[in-house]
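Subject: Structure handover

Hi,

Here is the structure for you to look through. Please open it first, then read my notes below.

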Amino acid sequence: MAKSISSASSSLFQTLRRYIKKPWEITGPCADPEYRLAVPDALDYRVPSPAMIERKAIIPTSEPEHVYDIKYFARDQRRNRPPIKRTVLRKADVEKMMKETSFDVTDFPPVYLTAKVEEDYNAVGGGYQK
């Protein structure tokens, strides 16, 4: 009895499945009878896998001095400069240099403003005309 109920329900399900479609199968590109599913089968996908060895690798055998060096840093002339000399100054060194050095007025640039600016504090409205 249980077997007949399950077979009846499965046949009813198969009948309904034939008439009830998924919404994307009713309209759109999937509804076309010539539509093929875009996802390939597992056996069709990437038949030559990366692990398969098809050909033997060709290893170049040349003398190193006849091979052009494609590395950029080897041909870059901007990096052929001598290294920059850096000096670490400590506080004692700076104090000693300052004692040895004397400054004169001519060592500094001349002052830009030499004329005195006169202001009129009695101007009406702060000096602005209305």
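Accessible areas come from the Shrake-Rupley method with a 1.4 Å probe. On that basis, the surface of this protein comes to about 14800 Å². Carbon and sulfur atoms hold 60% of that accessible surface.

Keep in mind that this is a predicted model. The mean pLDDT of the protein is 77. Of its residues, 85% reach 70 or more. Among the elements, helix 4 has the highest mean pLDDT, at 92. Helix 2 (residues 23–26) has the lowest, at 70.

Now the fold. The protein has four helices and zero strands. Along the sequence, the pattern reads α-α-α-α. How much of the protein is buried? Buried residues make up 1% of the 130 residues.

Next, the surface. There is a nonpolar patch formed by Leu89, Val94, Met97, Met98, Phe103 and Phe108. Together these residues have about 610 Å² of accessible area. Leu89 sits in a loop. That loop runs between helix 3 (72–75) and helix 4 (91–100).

Last, the aromatic rings. A ring pair is described by the distance of the centres and the angle of the planes. The count here comes to one aromatic pair. The ring centres of Phe103 and Phe108 are 6.0 Å apart, and their planes are at 35 degrees. Why is this pair tilted? Planes under 30 degrees apart count as stacked and those over 60 as edge-to-face, with the rest as tilted. The planes of Phe103 and Phe108 are at 35 degrees, so the pair is tilted.

Best wishes

Definitions and conventions. Residues are numbered from 1 along each chain as its sequence is written. This is a predicted model: local features need pLDDT of at least 70, side-chain atom pairs count only at pLDDT 80 or more; totals for chains, interfaces and linings use all residues. Side-chain values use heavy atoms; hydrogens and water are left out. Patches are made of residues with over 30% relative accessible area and no salt bridge: like charges are joined within 9 Å, nonpolar side chains (Val, Leu, Ile, Met, Phe, Trp, Tyr) within 5 Å. A salt bridge is a side-chain nitrogen of Lys or Arg within 4 Å of a carboxyl oxygen of Asp or Glu. Helices (H or I, at least four residues) and strands (E, at least two) are DSSP runs, numbered from the N terminus. Rings of Phe, Tyr and Trp (its six-membered ring) pair if their centres lie within 6.5 Å; planes under 30 degrees apart count as stacked, over 60 as edge-to-face and the rest as tilted. Buried means under 20% relative accessible area, exposed over 50%, partly exposed in between (1.4 Å probe, protein chains only). pLDDT is the predictor's confidence in each residue, from 0 to 100.
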